[in-house]
Amino acid sequence: MADAAMGLTGSSAKAGSLDPSTLQAFVDPLPIPAIARPVGMRANPEDAREQLPYYRMAIKEAMVKIHRDLPSTRMWTVGGNFPGLTLETQCAKSMIVEWQNQLPAQHFLPIDHSLHGAGKDVPEARAVIHLHGGRTPAESDGYPEDWIVPGKSQTCFYPSLQHAALLFYHDHTMGINRLNTYAGMMGLVILRDAREDVYALPGGKYEIPLLICDRMLKTDGQLEYPVSEKKGEVWVPEVFGNAILANGKLLPYCDVEPRLYRFRVMNGSNGRFFRFSLANGAEFYQIGSDQGLLTAPVKMKRLAMAPAERADILIDFSAMAGEQVEWVSDSFSILQFRVGKNAAGERGAVPEKLHQFERLAESSAVKTRRLTLDERMDDVQRSMGMLLNNTPWHAPITEKPVLHTTEIWELVNLTDDSHPIHLHLVRFQVLDRRRFDTFHFQEKGELRFTGPVVMSDANEMGWKDTVRADPGMVTRIIVPFEGYAGRYVWHCHVLEHEDNEMMRPFEVLPADA
């Protein structure tokens with residue numbers, strides 16, 4: 001592998017940027033990531049009498065075939081493939097995962113050593129895995145400074161004491177998270193619950209996970225990551241690629257029967273927001289979001305998803321028998337559904353009702369926090385990085401919620417970007433959004449609203465762990481702090497923003513503190 005990688009370095013430097021439209025589309029079948037299998041059993045750290053399935057997941061370099069007509073792409077993967085192996089378990093069925101760093105010593109993407117935590121005094125091939133959406137003890141959460149080097153392992157305990165949902169894991173290393181994730185260190189996690197069987201949702205081969213992300217590629221098939229034109233610095237504020245990968249393939253096809261399918265969709269991009277639809281304009285249904293099922297299906301023709309958001313959707317291909325239909329986002333073709341003429345069995349039906357739960361009352365919150373989203377600009381209006389509450393990462397912790405209490409967080413966006421804000425450990429509900437006068441706030445520190453309250457979209461009414469905070473708006477979420485006491489983080493999930501200070505620690509205090 002090392003020799004092959006060394007060979008790539010020289011050839012890739014000479015290769016130009018790839019225009020994906022020059023490739024023949026829909027020649028590769030859509031792959032389904034393999035399910036990880038436990039390698040043994042280990043004692044439950046919370047109850048030594050219980051034995052738990054033990055997984056060993058290797059973080060390693062691999063050559064990945066993205067398209068039939070491209071050379072294999074050098075990637076940093078989990079298990080040798082991109083996306084990585086899928087972890088799957090039942091709710092309340094705990095598991096132990098050992099993440100092994102088997103990477104080469106040097107990074108193959110451009111590190112900006114001026115970023116906090118990414119100096120030349122630390123190893124390049126650092127890694128730490130975070131289970132996004134997991135209700136996880138702090139020591140297993142993947143704190144950004146708890147990275148490991150090649151030859152070392154990180155062992156995590158995942159209790160799975162939460163609702164069924166599509167989660168995912170990805171690298172969370174301070175200062176190079178954007179590079180490690182872009183390089184391929186990402187995979188899906190599926191939590192299941194037998195109590196959902198009553199809805200008769202499509203399963204088996206009729207349930208398809210779909211991790212979609214953008215990348216930039218060179219004509220020799222290698223990843224391209226842009227760098228700044230600013231002298232002495234590398235970091236860029238956003239990365240948008242024109243090669244859209246579905247389960248690691250560029251422009252694949254997916255054979256389906258003329259019946260109902262369930263797709264577990266995730267936006268795995270560093271910074272791109274997707275607006276998914278079927279090219280023929282057909283309707284589909286969203287039945288779940290980040291943290292599980294909605295109370296009822298939401299009919300739609302277009303699905304907007306920010307980075308790190310997940311959507312559980314149902315597509316009925318019954319009326320499309322014999323057709324070829326593309327799944328698209330704006331002008332990008334992503335994959336082609338090839339609908340057969342006959343269904344093997346029952347076509348399935350969209351349920352009328354789903355998981356019932358209460359919307360949280362604002363009166364249940366013991367505290368409201370007003371937190372700003374900020375951007376620093378240089379004298380020619382180039383971004384110098386983002387901040388949360390105008391506070392750098394290393395400043396003392398200011399958010400200290402108490403376990404088993406509920407808070408309202410007001411996210412006041414003073415920037416020109418939409419930011420997908422993610423809180424570790426917890427799930428929350430989106431209350432509303434409202435436009436305000438940003439200049440007045442910056443001058444006086446007061447909220448002067450300039451528009452009406454905008455209630456959450458219908459597909460945002462479930463439990464979430466990532467919320468879109470739009471520019472010039474206050475986005476309010478209500479957050480029950482359940483699970484574990486300890487130190488966690490909240491951040492923007494545009495990874496370039498997160499890597500340049502748009503991340504802050506918070507500490508959940510014990511209930512008796």
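The numbered points below comment on selected features of this structure, which is a predicted model.

1. Backbone at Pro83. The peptide bond that joins Phe82 and Pro83 is cis, with an omega of about -5 degrees. Pro83 itself is found in the loop that runs between β4 (73–78) and β5 (87–90).

2. Positive phi at Phe26 and Asn390. Although Phe26 is not a glycine, its phi is positive, at about 60 degrees, and the residue belongs to the loop between α1 (2–14) and β1 (28–29). Asn390, likewise not a glycine, has a positive phi of about 55 degrees, and its place is the loop between β25 (383–388) and β26 (406–413). Are these two residues buried or exposed? Phe26 has a relative accessibility of 13% and therefore counts as buried, since the cut-off for that word is under 20%, whereas Asn390 has a relative accessible area of 53% and is therefore exposed, a word kept for values over 50%.

3. Surroundings of Met57. This residue is part of strand β3 (residues 47–64), and with a relative accessibility of 2% Met57 counts as buried. Which residues does Met57 touch, once its neighbours within four places in sequence are left aside? The contacts are Ala36, Val78, Leu85, Leu87, Val97, Glu98, Trp99, Gln100 and Tyr169. For a sense of distance, the C-alpha atoms of Met57 and Arg135 are 20 Å apart in space, while the two residues are 78 apart in sequence.

4. The side chains of Arg74 and Glu61 meet in a salt bridge, with 3.1 Å from N to O. Arg74 lies in strand β4 and Glu61 in strand β3, so this pair ties together parts that are 13 residues apart in sequence. Arg74 counts as buried at 11% relative accessibility, and Glu61 counts as buried at 9%.

5. Strands β17, β22 and β23. Strand β17 (residues 274–278) and strand β22 (residues 324–329) run antiparallel and are joined by three bridges, with Trp327 in β22 as the bridge partner of Leu278. Strand β22 also pairs with strand β23 (residues 332–339), again in the antiparallel sense, over six bridges; here Phe332 in β23 is the bridge partner of Ser329. The hairpin of β22 and β23 has two residues between the strands, and in this hairpin Asp330 takes a positive phi near 50 degrees.

6. Asp330 forms a salt bridge with Arg275, and the closest N and O atoms are 2.7 Å apart. The pair links distant parts of the chain, with Asp330 in the loop between β22 and β23 and Arg275 in strand β17, 55 residues apart. Asp330 is partly exposed, with a relative accessible area of 37%, and Arg275 is partly exposed as well, with 33%.

7. Lys464 lies in the loop between β29 (454–455) and β30 (466–469) and Asp290 in the loop between β18 (284–289) and β19 (292–300), so the pair ties together parts that are 174 residues apart in sequence. Both Lys464 and Asp290 are buried. How many salt bridges does a search of the whole structure find? The search finds 29, and a network of salt bridges links Glu88, Arg192, Glu207, Arg262, Arg264 and Asp312.

Methods. Residues are numbered from 1 along each chain as its sequence is written. This is a predicted model: local features need pLDDT of at least 70, side-chain atom pairs count only at pLDDT 80 or more; totals for chains, interfaces and linings use all residues. Side-chain values use heavy atoms; hydrogens and water are left out. Helices (H or I, at least four residues) and strands (E, at least two) are DSSP runs, numbered from the N terminus. Buried means under 20% relative accessible area, exposed over 50%, partly exposed in between (1.4 Å probe, protein chains only). Contact means heavy atoms within 4.5 Å. Two strands pair if DSSP finds at least two bridges between them. A salt bridge is a side-chain nitrogen of Lys or Arg within 4 Å of a carboxyl oxygen of Asp or Glu.
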